[in-house]
Amino acid sequence: MHINVSSITKAYQKDRGLFSVSFKAEKGECIAIVGHNGAGKSTLLKILSGWIVPDSGTASVDGAGIDNRPALVRNVGFVPETPNLFELFSVEYNLRLFARLFNIPLLRVPETLEEFDLLLFRHSRIQTLSKGLKQRVSLGRSLLPDPQVILLDEPTSGLDFEMTKEVYRLLKKSNASGKTILFTSHRPEEIRTLASRVIVLHRGRTVFDGPPGQYFESNIHRELYS
């Protein structure tokens, strides 16, 4: 099992956080995590990437337990909604710094610049880039270790149509290569375009887990977007 989540709980308030969430994901699935703001979507991704620790429960990603931070860094690429890049430094420096920190061969940096069409911006400071370009850098950085699992929090939030299409292309390419993807989204068209499975969270609990077609025909979808 590529991802195994068992009874994960992380409570912030009475109805905010995650409450005994469990699911499993096979290698190569592309799963949309859906729900209202505060449903626990971002919390789930941060737990699976090792950013935060759950109150209880266990999980593993590509065989690594969520308490094994070094393994998670190599096995999991996490792209938060707001890119956590070093704004005053260049695109290339951000990639090289990440590579050095986690013992990734520096050869991956020029490869990533080319793969993500960033060669023209390699010397540009992050603070001068558009949100779409920052998202592209963030995605490229997350894939430097060639992780088998990619987690994305609202990957196209605030992006224009052309940049959204580019993100879709990159994600489809990654998924076609066998990588497992989990992404949060509020966009029905994004879920239809990318997801092979939908998990809906409501007040921190799973209320739906199934294929997109079944989800869009369900009362759950109508209630979320009514």
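The following legends describe close-up views of a predicted model.

**View 1. The four-stranded open sheet is antiparallel and ordered β2-β1-β4-β5.** The edge positions are taken by β2 (16–25) and β5, each of which pairs on one side only. Within the sheet, strand β1 (residues 3–13) is joined to strand β4 (residues 56–61) by five bridges in the antiparallel sense. One of the residue pairs to locate is Asn4, whose bridge partner in β4 is Ser60. Helix α1 (residues 41–48) lies across β1, β2 and β4, and runs at about 125 degrees to β1.

**View 2. Strands β4 and β5 form a hairpin with two residues between them.** In the turn, Asp62 has a positive phi of about 55 degrees. Strand β5 (residues 64–65) runs antiparallel to β4, and two bridges join them. Val61 has Ala64 of β5 as its bridge partner, while Ser60 stands opposite Gly65 in β5. Ser60 is also the bridge partner of Asn4.

**View 3. The six-stranded open sheet has mixed pairing and the order β6-β7-β8-β3-β9-β10.** Strands β6 and β10 (205–210) have a single partner strand each, so one side of each is left without a neighbour in the sheet. On average, and with direction ignored, neighbouring strands of this sheet are turned by 15 degrees against each other. Strand β7 (residues 149–153) and strand β8 (residues 180–184) run parallel and are joined by five bridges. Leu152 has Phe183 as its bridge partner in β8.

**View 4. Helices α5 and α6 lie across strands of the six-stranded sheet.** Helix α5 lies across β6 and β7, with a direction at about 165 degrees to β6. Helix α6 (residues 161–176) lies across β3 (30–34), β7 and β8, and its direction is at about 145 degrees to β8.

**View 5. Helices α3 and α4 meet in a right-handed crossing.** The axes of helix α3 (residues 91–101) and helix α4 (residues 108–115) come within 9 Å and cross at roughly 135 degrees. The two helices are therefore oblique to each other. On the α3 side, the contact is made by Val91, Glu92, Leu95, Arg96 and Ala99; α4 contributes Val109, Thr112 and Leu113. By class, the contact comprises five nonpolar, one polar and two charged residues.

**View 6. Helix α3 also passes helix α5 in a right-handed crossing.** The axes of α3 and helix α5 (residues 131–142) come within 10 Å and cross at roughly 25 degrees. This angle makes α3 roughly parallel to α5, because angles under 35 degrees are classed in that way. The contact is made by Val91, Asn94, Leu95 and Phe98 of α3 with Val137, Gly140 and Arg141 of α5. Its residues divide into four nonpolar, two polar and one charged. Val91 and Leu95 of α3 take part in this contact and in the contact with α4.

**View 7. A salt bridge joins Glu87 and Lys134.** The closest N and O atoms of the pair are 3.3 Å apart. Glu87 belongs to the loop between β6 (76–79) and α3, whereas Lys134 lies in helix α5. The pair thus links distant parts of the chain, 47 residues apart. The structure holds nine salt bridges, among them this pair.

Conventions
Residues numbered from 1 in each chain as written. Predicted model: local features only at pLDDT ≥ 70, side-chain atom pairs only at ≥ 80, totals over all residues. Heavy atoms only, no water. Axes fitted to C-alpha atoms, helices over the stretch in contact; angles between N-to-C directions. Parallel < 35°, antiparallel > 145°, perpendicular 65-115°, else oblique. Left-handed = near helix turned anticlockwise from the far one by under 90°. Contact = heavy atoms within 4.5 Å. Nonpolar A, V, L, I, M, F, W, Y, C, P; charged D, E, K, R; others polar. Pairing = 2+ DSSP bridges. Salt bridge = Lys/Arg side-chain N within 4 Å of Asp/Glu carboxyl O.
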